[in-house]
Amino acid sequence: MTPATTLPVARPVAIPLREILPWALFGGLLLMLGIYFVGVEEGAVAMFKGMYVHEFVHDARHLLGFPCH
Amino acid sequence: MTGKLLTGGLLAGLVAAVLCFSFFKVVGEPTVERAIAFEQSMEEAKAKAKADEAAAKGLPAPTEQTEPELVSRPVQSSVGLLTGVGVFSMAFGGLFALVFALVYGRFGELGARATSAVLAAEGFVAIYLAPALKYPANPPSVGLPETIDMRTSLYLALVLISLAVMIAASLLRRSLAGRIGGWNAAILAGFAYIAVMVGVSLALPSVNEVPEGFPADLLWQFRIASLGGQALMWAILGLLFGVYAERLIGAKRPALRPVHA
C-alpha cells in the first residue's frame with residue numbers, strides 16, 4: 001500500500017502593504033483627479049473658469065451616468 | 001510589482017476605453033443627438049411663444065441671445081467623447097490595479113484571473129449599477145441647471161455609500177467564510193449589500209426632472225446605452241487585467257505542481 005500524499009497547492013501570496021502604499025497614494029490621487037475632470041469639473045464645482053472642459057467631455061459625462069447641466 | 005500591475009491596469013483601461021467608445025458612438029450617440037434635437041425644438045417653441053406674446057401687445061419681437069458654442073457637436077461626439085471615456089476608463093483601470101494589489105491573496109484563495117473578474121463585477125455593481133438604479137443616467141435636456149449641485153452631491157454620495165457598503169460586505173464574507181463556507185458566506189454578504197442599498201436608496205430623496213413630452217423610448221434607450229457601455233468597460237477591464245496579472249504573478253512564483261515520478 002502506498003502512503004497517502006497531499007499535493008501542494010499554489011496559494012496566492014499577498015503583496016506587502018508597504019510596497020503598495022506609495023503607489024496607492026500618488027497614483028490614486030492622480031487617477032481620482034482624472035475622474036473628477038470627466039465627471040464633475042465645471043458642473044457642480046469648478047477649478048477653472050468657463051465651460052470648456054465641461055463642453056468638451058459633455059457626451060462622455062452624460063453617457064457615463066454623471067449628472068450634467 | 002505594484003508599479004507593473006498599475007501599468008497593466010492603465011493598459012487594460014485603454015483597451016476598455018476604445019471598445020466602450022465604439023459602443024457609445026454606435027449605440028449612445030444617436031440617442032444624444034435625438035435628445036439635443038428635442039431640447040432645441042423646446043427652446044424654439046418657447047421663443048416663438050414669447051414672440052407671439054410680444055406681437056399681440058404690439059411690441060417688437062424680443063431678440064434671443066444664443067449662447068456661443070464653445071465646442072462643436074462633431075467634436076463633442078468624437079474627440080471629446082473619446083477623451084472623456086479614455087480618461088475615465090484608464091483612471092478606473094489604474095485604481096482597479098491598486099485595489100487588486102491590495103486584495104489579492106487577502107480575500108480567499110482565488111487566483112489572479114478570478115480575483116480580477118470578481119473584483120470588476122463588484123466594482124461595476126458598486127460604482128455604477130447600484131447608484132444608477134436610484135439616480136439613472138440622463139440624456140441632454142433632462143435635468144434642471146439650477147439643481148446640478150444637489151444632483152451631483154446626491155449621486156456622488158450614493159456612489160461612495162455603495163462603495164463603502166460593498167467593502168463592508170466583502171469583509172463580512174471573509175470573516176464568515178471560515179465558519180459557514182465560502183459559497184454561503186458570499187450569498188449572505190451579497191444579500192446584506194442588497195438589503196442595505198435598498199434601504200439607503202429608499203431613504204435618499206428622489207429626483208424626477210424629465211420635461212413634459214420627452215419621448216419615453218428615447219429615455220430608455222439612452223439609459224440602456226449608458227448601462228451597456230459601463231458594463232462593457234468593466235468586463236474588459238476585469239478580464240484583460242486578469243490575464244496580465246496572472247502572467248505577472250505566475251512568472252514570479254515558482255509552480256508548486258509535483259512532478260510525476
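Helices here are DSSP runs of H or I with at least four residues, strands are E runs of at least two, and both are numbered from the N terminus.

A note on what I'm looking at: this is a predicted model, where local features need pLDDT of at least 70, side-chain atom pairs count only at pLDDT 80 or more, and totals for chains, interfaces and linings use all residues. Residues are numbered from 1 along each chain as its sequence is written, while chains are lettered from A and ligands numbered from 1 in the order in which they are written.

Back to H1(B). I found a kink of about 50 degrees at Gly28(B), shortly before the proline Pro30(B). The bend at a residue is the angle between axes fitted to the seven residues ending there and the seven starting there.

Next I picked Ala97(B), which sits in helix H2 of chain B. Is Ala97(B) buried or exposed? It counts as buried because it has 31 C-beta neighbours inside 10 Å. The cut-offs: 20 or more other C-beta atoms within 10 Å of a residue's own make it buried, 12 or fewer exposed, and anything in between partly exposed, with C-beta atoms placed from the backbone.

Which residues does Ala97(B) touch, leaving aside neighbours within four places in sequence? I got Leu5(B), Leu6(B), Gly8(B), Gly9(B) and Phe241(B). Contact means that the C-beta atoms, placed from the backbone, lie within 7 Å. I also checked Leu119(B), 22 residues along the chain from Ala97(B), and their C-alpha atoms are 10.0 Å apart.

Then the domains of chain B: domain 1 takes in 1-45 + 75-122 + 212-253, and domain 2 is 143-209. These bounds come from an automatic or database domain assignment. The C-alpha centres of the two lie 20 Å apart.

On to chain A. I counted 3 helices and 0 strands, and 35% of its 69 residues are buried. An unreviewed UniProt entry annotates residues 20-39 of chain A as "transmembrane region". Such annotations may be inferred rather than shown by experiment; positions use the numbering here, and feature names are shortened. That span is 100% helix and 0% strand, with its end C-alpha atoms 27 Å apart.

Last, the interface: 51 residues of chain B are in contact with 40 residues of chain A. H2(B) gives the most to chain B's side, with 15 residues.

Conventions
Two residues are in contact if their C-beta atoms, placed from the backbone, lie within 7 Å.
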